[in-house]
Amino acid sequence: MDPYSSLTIDGVDMGEAFGAFLTDATELPAPEPKTHFVDVPGGQSLDLTEALGGVAYENREMTLVLAVPGTGDWEAAKSRMLALVHGRRLPFSLGCDPGYTYTGRFTVSECRLAGLHGSGDGLVTLKVSADPYKLREHVAYRLNATGGRLYRLMSGLRPVHPTIEVATATTVTWDGAEIDVPPGTWRLNDVTFRPGANELYVNTQRIWATSWADLGEGGRLATAWAGAASQRWDDVQRLGVVDGAPRCWEDVASSRWSDLGQGGDGARRWDELDFRNGSAVDTTAFITYDWEDL
């Protein structure tokens with residue numbers, strides 16, 4: 001079977017379970033935008049479609065037409081398919097759109113047999129009222145934000161409020177505003193990720209390791225105002241940390257990749273490297289959100 005015509009519903013591959021595949025009669029329309037126009041007597045109508053910050057969409061009204069060749073016992077196959085999908089809201093994926101998961105409510109609108117006497121090829125038409133956005137992935141980041149770090153997190157077309165989980169009192173900076181987050185798991189309602197890169201500054205533990213004397217003339221971290229102009233105060237404080245996380249390649253020049261990558265899953269990303277000692281408080285932050293596109 002051509003992978004392009006495959007359909008998987010709630011984890012069940014319809015090709016493997018029924019020998020079914022999508023036909024050319026399948027319709028996969030884009031979601032209709034919700035437009036809103038206000039008539040102005042004697043003037044031009046006002047388009048308020050994006051008045052609340054973006055375009056909203058109706059559900060996708062999809063038609064999935066499945067061919068079920070050589071069923072043998074058509075009534076038994078039909079009953080199994082009805083029990084699987086009819087009237088249910090389920091996730092599903094299309095071979096023609098790899099990497100994405102849709103979700104919608106299924107209705108079996110037609111089941112018919114091309115042959116006679118209960119044998120031959122079957123044809124099943126599924127109507128799906130699907131969510132306008134399709135899921136690319138449940139994004140999850142494990143961040144070492146001790147002393148504060150700026151992260152650039154990519155997101156999809158649908159605006160989304162990320163969730164943060166922290167064990168310590170944390171400060172999040174978004175669009176110039178600081179947000180205090182207590183220990184626990186919270187949805188950041190004041191933070192809205194939009195398509196592309198989103199810059200989020202997270203500090204899970206304040207560090208006070210640098211004094212004015214350190215920065216002054218003759219100090220161990222002597223610098224002028226001009227030299228520190230591009231740094232946050234948190235960045236200046238981290239300069240005084242002797243055994244902190246690496247700031248450049250030179251800091252890890254004597255280490256092997258295999259040593260740096262050791263972790264619970266055996267393979268850490270660069271932004272997950274954690275150089276805190278075992279006695280330090282756990283200041284790991286977990287950021288999660290859904291990446292969804294049209």
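**Exercises: a surface valine and a buried strand**

Val 38 is partly exposed, with a relative accessible area of 30% (buried is under 20%, exposed over 50%, partly exposed in between, using a 1.4 Å probe and protein chains only). This is a predicted model, where local features need pLDDT of at least 70, side-chain atom pairs count only at pLDDT 80 or more, and totals for chains, interfaces and linings use all residues. Residues are numbered from 1 along each chain as its sequence is written, and side-chain values use heavy atoms, leaving out hydrogens and water.

**Exercise 1.** Find the strand that holds Val 38.

*Solution.* Strands are DSSP runs of E with at least two residues, numbered from the N terminus. Val 38 sits in strand S4, residues 37-38.

**Exercise 2.** Work out whether strand S13 is enclosed or open.

*Solution.* Step 1: look at residues 170-174; 5 of the 5 are buried, so S13 is largely enclosed by the rest of the structure.
Step 1: check both faces. Thr 170, Val 172 and Trp 174 point one way, Thr 171 and Thr 173 the other, and all are buried.

**Exercise 3.** Find the strands that pair with S13.

*Solution.* Step 1: recall that two strands pair if DSSP finds at least two bridges between them.
Step 1: S13 and S14 run antiparallel over 5 bridges, and Trp 174 has Ala 177 as its bridge partner.
Step 2: look at the hairpin turn. There are 2 residues between these strands, and Asp 175 takes a positive phi near 55°.

How values were computed:
Helix = DSSP H or I, 4+ residues; strand = E, 2+ residues; numbered from the N terminus.
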